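Visitor: Could you walk me through this complex, starting wherever you like?

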Amino acid sequence: MHIAKDLVAASATPLVLGILAEEDSYGYAILKRISELSGGRLEWSDGLLYPLLHRLERLGYVESSWHSPGNGRRRKYYRITDQGRTELAAQQAQWTTIVDTLHDAWRAAKSSGASPTSPLRAHS
Amino acid sequence: MTTYEDERLESQIAEWRSYMRRRRELTDTDSDELEDHLRDQIAELTEAGLHTDESFLIAVKRMGSVDELSREFAREHSDRLWKQLVMPPDAGAPTTAASRRELLVVIVCAVAAALAIKVPAAFGLDFSDDAGFYQRNLALFALPPLAAYFCWRRRVRPGVIATVAGLFLVGAVAVNAYPTPEDSQTHVLTAIHLPLALWLVVGVAYAAGDWRSDRRRMDFIRFTGEWFIYFVLIALGGGVLTAFTSVIFNEIGIDTAPLIENWLLPCGAMAAVVVSAWLVEAKQSVIENMAPVLTRLFTPLFTVLLLAFLAAMPWTGVGVDIERDILIVFDLLLVVVLGLLLYAISARDSASPPGMFDRVQLALVVSAMLIDAIVLFAIVSRITEWGFTPNKTAALGENLILLTNLAWSAWLLLQFIRGRMRFTALERWQTGYVSVYAVWAWTVVLVFPLAFEFA
């Protein structure tokens, strides 16, 4: 299934913040988790996660630190801040509202579509 | 995975990194982060049974196009397009240990330069009463710490350090041991030429002893231009600081004039010599070079000025009033023209074909030469009438040196514009000519006082 670019972009922030609210993580693992959660249906260009993480860091929603996981490599870990949790809660509320509204609207459409006495259809 | 495959993968990753590095939107730590991601991805794909080559290709592909990536980074980090100035941008990177050590060395050298100018005061030499001493020794306060900084930074061989130190010593002995009276012409000439001679000695340290190399010389020419611009900027800032210091302390009835004259100004200027050099060194890859930009701007303007002067000269009917001061003014004009030529060369891609700018430059150089030739002719007849003095000889010698340089440069430029010669010939001529300046400056410092019997 193809998901529109705008939707992917809009859901990116709450998704990443949500994953970081579970536990501290790093870029590659965050992408793995997104793929896992969406059953592989939500696909990003891998590299684009990083500018997003940097933006969240600038906004103060996450903080980062370099650690070595061994084998001589260095890895940048991200951790959600209190401000990030507040933002996540706010975005969750917004998304819930949108999802609920969509849900109600579509259920109404379905039931009214079945009815021949729909006021909209009466005109056509 | 075999070691062969490992090596291959490492070289592929290194290549990818160097490709990323070319994007100035991406810093080193960004590349580190992306590389870590790339390696994770490759490891996973390889584990799933893919060949390392294939894993690498897929991992790179999934990373997204570099254009798109750097556009996103640029959007998030627009500040990076404005180059980070004072501190290294990668605060988290381990390279800061090295740059911190460098900062420490710079501070030590700058403080050494600032204190050096106060050392004579400890022996009772006063800025106003012993102005002559300070005039002729001015270059000996800040330039040795500057040379020391380059010796440290370039890890210069002991032999070269000895040469540089030796030349400084020769300069120091010459200006102080010669019994030149302070109001004599040779004294003033020495005070002007010693800094030039020693600046070129700093160039030896800058080139890490490789002063014969054309490229190193051109680098030093570039360095000199940028250094000068930084120095002027720092001086402007210093001027504002000084003005505020004197005004606000004056308000509460404290006279800061002695503090400013004896400490702030001299020590600040000496330290600025070293700090400017450090800024140029640290920022040479970071900031666009300013000298070539100014050159582009002023070459056409100076050309118009000179052509207008040439046109107006016969029209007014007034011959150039032949004073010695005029000769010096024309020396300076030639220096400016040479500077414009030099910094245009330093920034030019020697492979690109001749263009409009090269023609403007030729016009500039030729008109400067014509004007100078007219003035020179008048001066020479005057000198043969009145005899040689140190000042006249120096001014005349400099004029001839610059004129020779410009004449040959004009010839080379013409050949280049006609497509008969490569641009590198002009470059090599200019870098080679630096030796002439060095010989001349040392001649004025060492030989002139003897030749003119300290007149």
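**Where the chains meet**

Guide: Helix H3 (residues 49-59) of chain A and H4(B) pack with their axes 9 Å apart and at an angle of about 5°, where axes are lines fitted to C-alpha atoms, for helices over the stretch in contact, and angles run from 0 to 180 degrees between N-to-C directions. That makes H3(A) roughly parallel to H4(B), since angles under 35 degrees count as roughly parallel, over 145 as roughly antiparallel, 65 to 115 as roughly perpendicular and the rest as oblique. This is a predicted model, in which local features need pLDDT of at least 70 and side-chain atom pairs count only at pLDDT 80 or more, while totals for chains, interfaces and linings use all residues. Residues are numbered from 1 along each chain as its sequence is written, and chains are lettered from A and ligands numbered from 1 in the order in which they are written.

Visitor: Which residues of H3(A) and H4(B) meet there?

Guide: From H3(A) they are A:Pro51, A:His54 and A:Arg55, and from H4(B) they are B:Glu72, B:Phe73, B:Arg75 and B:Glu76; two residues are in contact if their C-beta atoms, placed from the backbone, lie within 7 Å. By class, this contact of H3(A) with H4(B) has 2 nonpolar, 1 polar and 4 charged residues, with Ala, Val, Leu, Ile, Met, Phe, Trp, Tyr, Cys and Pro counted as nonpolar, Asp, Glu, Lys and Arg as charged, and the others, Gly among them, as polar.

Visitor: And how many residues does the contact take from each chain?

Guide: Chain B gives 20 residues and chain A gives 15 residues. On the side of chain B that touches chain A, helix H2 (28-47), helix H3 (52-63) and helix H4 (66-76) of chain B each supply at least two residues, and H2(B) gives the most, with 9 residues. That side of chain B has 4 nonpolar, 5 polar and 11 charged residues.

Visitor: Switching to chain A, what is it built from?

Guide: Chain A has 5 helices and 3 strands, and from the N terminus on its elements run α-β-α-α-β-β-α-α. Helices (H or I, at least four residues) and strands (E, at least two) are DSSP runs, numbered from the N terminus.

Visitor: In what order do the strands sit in the sheet?

Guide: The 3 strands of chain A form an open sheet in the order S1-S3-S2, with antiparallel pairing; two strands pair if DSSP finds at least two bridges between them. The edge strands, each pairing on one side only, are strand S1 (25-26) and strand S2 (62-67) of chain A. S2(A) is joined by 6 bridges to strand S3 (residues 75-80) of chain A, where A:Ser65 has A:Tyr77 as its bridge partner and A:His67 stands opposite A:Arg75. S1(A) and S3(A) pair over 2 bridges, and A:Ser25 stands opposite A:Tyr78 in S3(A).

Visitor: What does H3(A) touch in that sheet?

Guide: H3(A) packs on the sheet and touches S2 and S3 of chain A, its direction making about 120° with that of S2(A).

Visitor: Now chain B: how many helices and strands?

Guide: Chain B has 18 helices and 0 strands. Buried residues make up 30% of its 455 residues, whereas in chain A 21% of the 124 residues count as buried; a residue is buried if 20 or more other C-beta atoms lie within 10 Å of its own, exposed if 12 or fewer, and partly exposed in between, with C-beta atoms placed from the backbone.

Visitor: Is B:Cys151 buried or exposed?

Guide: B:Cys151 counts as buried, because it has 22 C-beta neighbours inside 10 Å. B:Cys151 lies in helix H8 (residues 139-153) of chain B, and, leaving aside neighbours within four places in sequence, it is in contact with B:Val156, B:Ile161, B:Val164 and B:Ala205.

Visitor: How does H8(B) sit against H10(B)?

Guide: The axes of H8(B) and helix H10 (residues 185-206) of chain B come within 8 Å and cross at roughly 10°, and the two helices are therefore roughly parallel to each other. Among the residues making the contact are B:Leu143, B:Phe150 and B:Cys151 of H8(B) and B:Leu198, B:Trp199 and B:Ala205 of H10(B). By class, the contact has 14 nonpolar, no polar and no charged residues.
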